[in-house]
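Let's take a walk through this one together. Keep the viewer open and click along as we go.

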Amino acid sequence: MLVAGARLGARLRLQPEAARRLRRNYSQDHGGTESLKKTALYEFHRNNGARMVEFAGWSMPVQYKDSHISSHLHTRQRCSLFDVSHMLQSKVMGKDRVKFMESLVVGDIAELKDNQGTLSLFTNETGGIKDDLIVTRTSDGYLYIVSNAGCADKDSAHMKEKLAEFKAAGNDADLEFLEAGLIALQGPSAARVLQEGVSDDLQKLPFMWSAMMTVFGVPGCRVTRCGYTGEDGVEISVPIERTVELAESLLKNSEVKLAGLGSRDSLRLEAGLCLYGNDIDETTTPVEATLLWTIGKQRRAAADFPGAEIILRQIKEKTKRKRVGLTSAGPPVRQHTPILNLDGKVIGEVTSGCPSPCLKQNIAMGYVDTEYSKPGTPLKVEVRKKIVDATVSKMPFVPSKYYTVK
């Protein structure tokens, strides 16, 4: 049952690990940071009582008037509105657009149907993950791509460099970076709330599919059924000059509350989803990160994606380490916490961790030597110089509720 009682709330108030973790991950924005980039919703956030922090060079809301825990649980029980406009949105056009994209990522883009999307990975020549991204093959003659804000400069430079090489070889492709808002409506009532403002039947739009719609009177919105919480929901790319208007329209529904980076992080961890820079980076491969499902069958056969030789060898021979979920006793674990076997030997490290508001226990993910990766394996973690019990757990920790057409 995805609820947490007063006892959990009291425990979290008495043990402010979540607050400390947020301060470590995000820098405070006290309003004098003119160098930070601002989304179209910046003033909207401040007017709605947001506490703003620096994240990936942007001033972003980490929390509103409700507590982090209340916001998290509201998303699981109803729905929340997140500003994700800091993420990099781009288009790849031209008759060779699929060929170009497949030269950069591990996904089988050619097999996507019109308006279908997939999570994929930019990889380097040693098999490391440069970034994770969503690629949608639209019916309008272009690929729509959303990648991480923290990798925006790296991703844009990488795509531009590879595009120049691709075009010099006689291929036809072009690249455009979009100046658009991006908002995410997440939670079990998200589709019902959105349906009031669109003429399209959302029951016909399953997880990872996309469509152009007029949303609450705002034309030219791309609605994609996806998100970063494990709940049903959508991400809406909206003309930048009408982002505030759309956010205000959605917020008129009493089901909807604003949510920030704090609850977004704990929601994605309960859902077992990776945060780039914490759980995956250029030193981790898709095999180590248990993201094998992102590598298309045809791509494995062709072995033509960056790092294919190393990644395919790892699939065949297994890897020395593997990403796992963990539950633990005592204080919550955090990034870089050592993971030990029962003999006290360090066999891995935590990459993300927090108290789970829904499960009322500590959850984490990290990498361990493969022999210790089986769910149910008892381990230890070192928290504040104390050794506490931990157990390898399946992920997601909280069951995902992605919408599929029956």
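A salt bridge here is a side-chain nitrogen of Lys or Arg within 4 Å of a carboxyl oxygen of Asp or Glu. Before we use that, some ground rules: this is a predicted model, where local features need pLDDT of at least 70 and side-chain atom pairs count only at pLDDT 80 or more, while totals for chains, interfaces and linings use all residues. Residues are numbered from 1 along each chain as its sequence is written, and side-chain values use heavy atoms, with hydrogens and water left out.

By that salt-bridge cut-off, the structure holds 19 of them. Start with E309, which pairs with R313, their closest N and O atoms sitting 3.5 Å apart. Both belong to helix 11 (residues 308-317) and are four residues apart, about one turn of the helix. (Helices are DSSP runs of H or I with at least four residues, strands are runs of E with at least two, and both are numbered from the N terminus.) E309 is exposed, at a relative accessible area of 63%, whereas R313 is partly exposed at 38%. For these labels, buried means under 20% relative accessible area, exposed means over 50%, and partly exposed is in between, using a 1.4 Å probe and protein chains only. Elsewhere, salt bridges that share partners join R76, E231 and E270 into one network.

Now look at R192 and E255, another salt bridge, with closest N and O atoms 3.5 Å apart. R192 lies in helix 7 (residues 190-195) and E255 in the loop between helix 8 (243-251) and strand 15 (256-258), so this pair ties together parts that are 63 residues apart in sequence. R192 counts as exposed at 53% relative accessibility, but E255 counts as buried at 18%.

Next stop, helix 9 (residues 261-270), where ten of its ten residues are buried. The side chains of D265 and R268 meet in a salt bridge of 3.0 Å, N to O. Being three residues apart in helix 9, they are separated by about one helical turn. D265 has a relative accessible area of 6%, and R268 has 1%. Just after this helix, G272 takes a positive phi of about 75°.

What about the nonpolar side? In soluble globular proteins, nonpolar side chains tend to be buried together. A nonpolar core here is a set of buried Ala, Val, Leu, Ile, Met, Phe, Trp, Tyr and Cys residues joined through side-chain atoms within 4.5 Å. The largest has 30 residues, and L185, L194 and L246 have the most contacts inside it. Counting contact as heavy atoms within 4.5 Å, and leaving aside neighbours within four places in sequence, L246 meets I183, V215, F216, V218, C221, I236 and V238. Apart from that core lies another, of 18 residues, including I109, F122, V135 and A173.

How many disulfides turn up in a search of the whole structure? Zero, with a disulfide taken as a pair of cysteine sulfur atoms within 2.5 Å. The sulfur of C274 is 13 Å from the closest cysteine sulfur, in C151, so that is too far for a bond.

Finally, find T327 in strand 16 (residues 321-328). T327 is buried at 17%, and its contacts beyond four places in sequence include Q361, I363, D389 and F397.
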